[in-house]
Amino acid sequence: MGYEDNPCVSGDEPRSPGDAPQAEKGEEDSEMKDLFKIGKKRKRNERSPAEITLLVENVMAVLEVTAEEDTDLNRQEKPAINKLKKLPLLTEVLSKKQLQLEFLDHGVLKLLKNWLEPLPDGSLPNINIRTEILRILNEFPIDLEQYDRREQLKKSGLGKVIMFLSKSHEENRLNRKLAKELVDKWG
């Protein structure tokens, strides 16, 4: 029986999802950027709430996986550079005022804690990551007068990481100042 006659190798067999061709890294990044080109081809108010929710959920999933990958790489004593590669995406989407409340509703504070906290070997994430996240958080509309937002901030654990950074001698002076401003604002 030849290769073509083998029923296990027929082209008609259903394939598992793992057999599907994977998107190239560049394709994935451009797709994510395309998702957030609000105002380029469509006006902002033309996106339905369901579309915005889906976009936010997709970005959150990518950013969560990125943080987990860096943690795994650090445990393997390899350079943890995935967050640094995705930092432009994080900065772009979290800087969009019209999406910030949606990100808050989807638990972005816990995600940011995961991006900011020390890696398993005790080292801090890259300085650019820390600086950008602290800058974004200082502009984020976290209304602590709302009980739900206050509870969300407490449960996320982000406040503890910000407090740590505000006192850490490993942190640069500008970031300690940004972290201290957040501690004062949230305190």
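1. Arg130 and Glu171 are both buried (buried being under 20% relative accessible area, exposed over 50%, and partly exposed in between, with a 1.4 Å probe and protein chains only). In this predicted model, the two form a salt bridge whose closest N and O atoms are 2.7 Å apart; the term denotes a side-chain nitrogen of Lys or Arg within 4 Å of a carboxyl oxygen of Asp or Glu. Arg130 belongs to helix 6 (residues 127-139) and Glu171 to the loop between helix 8 and helix 9, so the pair ties together parts that are 41 residues apart in sequence. Helices here are DSSP runs (H or I, at least four residues), numbered from the N terminus.

2. On the basis of the model, residues are numbered from 1 along each chain as its sequence is written, and side-chain values use heavy atoms, with hydrogens and water left out. As the model is predicted, local features need pLDDT of at least 70 and side-chain atom pairs count only at pLDDT 80 or more, whereas totals for chains, interfaces and linings use all residues.

3. The structure holds nine salt bridges. Within helix 6, Glu139 and Arg135 lie four residues apart, about one turn of the helix, and their salt bridge has its closest N and O atoms 3.7 Å apart. Glu139 is partly exposed, with a relative accessible area of 43%, and Arg135 is likewise partly exposed, at 28%. Salt bridges with shared partners join Glu132, Arg135 and Glu139 into one network.

4. Arg75 forms a salt bridge with Asp72, with 3.7 Å between the closest N and O atoms. The two residues are three apart in helix 2 (residues 49-75), and are therefore separated by about one helical turn. Arg75 is exposed at 57% relative accessibility, while Asp72 is partly exposed at 39%.

5. Thr91, in helix 3 (residues 82-94), is buried, with a relative accessible area of 16%. Beyond its neighbours within four places in sequence, Thr91 is in contact with Glu132, Arg135 and Ile136, contact meaning heavy atoms within 4.5 Å.

6. The largest pocket holds about 230 Å³ of space. A pocket is an open set of points on a 1 Å grid over the protein atoms alone, where a 1.4 Å probe fits, with protein on both sides within 12 Å along at least five of seven lines; lining residues have an atom within 4 Å of a point. Its volume is the space filled by probe spheres set on the points, which are joined across faces, edges and corners. Among the 13 lining residues, Leu153, Lys154, Gly159, Trp186 and Gly187 are the closest to the centre of the largest pocket.
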